[in-house]
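Good morning, and thank you for coming.

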Amino acid sequence: MTLYHCMSARSFRPLWMLEELGLPYELKMLPFPPRAFDKAYLAINPLGTVPALADGELRMTESAAICQYLATGSGMEIRPGEQDYAAYLNFLHFGEATLTFPQTLVLRYTHFEAPERRAPQVAEDYAKWFLARLRTLEPRLEQHDFLAANRFTAADVSVGYALLLAEHLGLSARFTPAVAAYWERLRQRDGFRRALAAQEAAALAQGVSAEHAPDIRPFG
């Protein structure tokens, strides 16, 4: 398999999955955003976004869907008929559709737009939106170490990336106690640490900036 990736962008989800599962893969590092700085990548993904996963003839570009695909047949999925199957699917997609989306608007209107187009009130409104939805996890995480079936699954990778992004955006200090403890558990996982190390090593080896995508400030 080949994963196209930018430092700590959404493509970190499948990278983390690959490391947790111990699957062989090739990591292709791209400058961020690739649609602006690597036009050849548009032949791989016409949207110019990451991730893109190639597995033989298969091509995928949605991070949560790639996590679900990689988890199939492994201990990181919950199968139909198992306890918490519905919760697993819900949290798997909650991480991207509900948690990551508002954060991208915080990032855009705080840092990625030209100064005259920035909108601090919009950014704060979406930060509050993210945090309000994140707080819905607090009762569950007060009772369980992970989100579904009392074990680590692809759903935790999906939500875990949203927490990583929140840290880059300076929002992690506003996590509720059980969410903060959950994030600390995820950060201590060997697979998470290997994924961080893998992206940095690949960036250096391939001559791509090792600056994390959420930390880039195009206008200084």
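Let me begin with a definition: a residue is called buried when its relative accessible area is under 20%, exposed when that value is over 50%, and partly exposed in between, using a 1.4 Å probe and the protein chains only. The model is predicted, and local features are reported only at pLDDT of at least 70 and side-chain atom pairs only at pLDDT 80 or more, whereas totals for chains, interfaces and linings use all residues. Residues are numbered from 1 along each chain as its sequence is written, and side-chain values use heavy atoms, with hydrogens and water left out.

First, the overall fold. The protein has nine helices and four strands; here helices (H or I, at least four residues) and strands (E, at least two) are DSSP runs, numbered from the N terminus. Along the sequence, they follow the order β-α-β-α-β-β-α-α-α-α-α-α-α. The radius of gyration is 17 Å, close to the 17 Å that the globule rule gives for 220 residues, so the protein is as compact as a globular protein of that length. That radius is taken over C-alpha atoms, and the rule is 2.2 Å times the number of residues to the power 0.38. The C-alpha trace spans about 45 × 45 × 25 Å along its principal axes.

How much of the protein is buried? Of its 220 residues, 49% fall in that class. The protein exposes about 10,200 Å², of which carbon and sulfur atoms supply 53%; these areas come from the Shrake-Rupley method with a 1.4 Å probe, and for residues only the protein chains shown count as cover. A contact means heavy atoms within 4.5 Å. Among contacts with a separation of 6 or more, 70% are between residues 24 or more positions apart.

Let us now look inside, at helix H1. This helix covers residues 12-21 and is mostly covered, with nine of its 10 residues buried. Among them are Phe 12, Arg 13, Trp 16 and Glu 20. Just after H1, Gly 22 takes a positive phi of about 70°.

Leaving aside residues up to four places away in sequence, Met 17 touches Cys 67, Leu 70, Ala 71, Met 76, Ala 154 and Val 157. Met 17 and Leu 70 are 53 residues apart in sequence, yet their C-alpha atoms are 7.1 Å apart in space.

A second residue of interest is Thr 100, in helix H4. Is Thr 100 buried or exposed? Its relative accessibility is 1%, so Thr 100 counts as buried. Beyond residues up to four places away in sequence, Thr 100 touches Arg 10, Arg 13, Gly 95, Tyr 161, Ala 162 and Leu 165.

Next, the backbone in the loops. The peptide bond from Phe 32 to Pro 33 is cis, with omega near -5°, and Pro 33 is found in the loop between strand E2 (26-29) and H2. Val 50 and Pro 51 are also joined by a cis peptide bond, with omega about 10°; Pro 51 is found in the loop between H2 and strand E3 (52-55).

Two residues other than glycine have a positive phi: Asp 84, near 75°, and Ala 149, near 60°. Asp 84 is in the loop between helix H3 (63-71) and H4, and at 24% relative accessibility it counts as partly exposed. Ala 149 is in the loop between helix H6 (138-143) and H7, and with a relative accessible area of 23% it is partly exposed.

Finally, the largest pocket, with a volume of about 760 Å³. Of the 28 residues that line it, the closest to its centre are Arg 10, Phe 32, Arg 35, Thr 49 and Thr 104. On a 1 Å grid over the protein atoms alone, a pocket is an open set of points where a 1.4 Å probe fits, with protein on both sides within 12 Å along at least five of seven lines, and lining residues have an atom within 4 Å of a point. Grid points are joined across faces, edges and corners, and the volume is the space filled by probe spheres set on them.

Which helix gives the most to the lining? H4 does, with seven residues. By class, the lining has 16 nonpolar, seven polar and five charged residues. Nonpolar here means Ala, Val, Leu, Ile, Met, Phe, Trp, Tyr, Cys and Pro; Asp, Glu, Lys and Arg are charged, and the others, Gly among them, are polar.
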